[in-house]
Amino acid sequence: MRICIFGTGNSANNLINRVKENIEIVCFIDNNKIKQGMTLFGRKIISLEELKNYDYDYIVIASMYYKEIEIQLINAGIQDEILLRYVYYIDDYKSNTKILDKIIVDEKKSAHYRNFDALEVKEEYNINYQQDDDMWSCTSENETDFVVESIYKYMNEININSNYEMVLDVGCAKGNFTEAFRKIGLKSYGIDYSDVAIQMAKENFKKCEFKIMDAFDPKFKQESFDIIFMRGFSGFNTHNIKWIVELIDKYKKILNKEGCIIYAFSSNYTGIEKDNETVNLSKDELKKIINESKLQYMGTVFPYEKSNLIEYKILN
């Protein structure tokens, strides 16, 4: 079976990791002209007009705007019978789930339990960072300052940062959190595999140091850090605890004695993802990460960011 995926955002990212091995993904379709001609997960992103040049059995709509997209496709002469919704609202459920079930595997066996391919993630993030509507970076100075100040205040209260000098921001994106740590007096480093994001970070925050680096396999010559900050790091967007623990072990090697790892995540502790939510770790999973990483749990901080509850685990 051959499918085309309409959409290139979070829903498409979730979908592609659930597609069964015997399903061929022909291409992605997107109305954004900037994305057209680029590739995502090795497949070309095309316009709807180009779709006539491709052979496919179904179009899977992976977008919250599925209603508008369905109308667009039908108006373009595409039969409703070959349109499948991957995203839908609960009161607007469409009766093509049997066909969709032939395409995707059970979620517990796929996307949220995956390992990651660094080059695929880099490609996806480079596309995002070139958009005006960047969905994955926190670029508000007030928000990043508030979050970092809240964390540092808590660290002062439990006496674990009196002599800290250097911080590493893992998956730093455009560098806003890296800069927020610098403003509280730390020598601040940021790494990200996206060359697009790192270039923006270097241009915007010249007093910080940024490097293009595969954060799944960090390689430093001599540097070591007092704080390793991991917020929005794609390597943790999984229920594969073994993978997470192995990543943490890599960063423990460059953590100074008495240093701490700050692991930032969004969760209601159920372990069940909401629509378009990347990952939601349960209490048991979080305890397992701490125990298997052989880290001392120091506490939890709850600053609000973009009106969502973000929980910061401080691990030592």
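In the predicted model, six strands form an open sheet with mixed pairing, arranged in the order 3-4-2-1-5-6. The edges of this sheet are strand 3 (39–40) and strand 6 (83–85), each of which pairs on one side only. Strand 6 runs parallel to strand 5 (residues 58–61), and 3 bridges join the two. Within this pairing, valine 60 is placed opposite leucine 84 of strand 6.

The closest N and O atoms of glutamate 70 and arginine 85 lie 2.6 Å apart. Because glutamate 70 belongs to helix 2 (residues 66–75) and arginine 85 to strand 6, the pair ties together parts that are 15 residues apart in sequence. Both glutamate 70 and arginine 85 are buried.

In total, the structure contains 11 salt bridges. One of these joins lysine 211 and glutamate 223, with a separation of 2.7 Å between the closest N and O atoms. This pair links distant parts of the chain, 12 residues apart: lysine 211 is in strand 9 (residues 209–212), whereas glutamate 223 lies in the loop between strand 9 and strand 10 (225–231). Lysine 211 is partly exposed, at 27% relative accessibility, and glutamate 223 is likewise partly exposed, at 22%.

A further salt bridge brings together the side chains of lysine 44 and glutamate 50, at 3.9 Å from N to O. Here lysine 44 has a relative accessibility of 36% and therefore counts as partly exposed; glutamate 50, with a relative accessible area of 25%, is also partly exposed. Elsewhere, salt bridges link Glu141, Asp145 and Lys183 in a network.

Terms used
Residues numbered from 1 in each chain as written. Predicted model: local features only at pLDDT ≥ 70, side-chain atom pairs only at ≥ 80, totals over all residues. Heavy atoms only, no water. Pairing = 2+ DSSP bridges. Helix = DSSP H or I, 4+ residues; strand = E, 2+ residues; numbered from the N terminus. Salt bridge = Lys/Arg side-chain N within 4 Å of Asp/Glu carboxyl O. Buried < 20%, exposed > 50% of the residue type's maximum accessible area, 1.4 Å probe, protein only.
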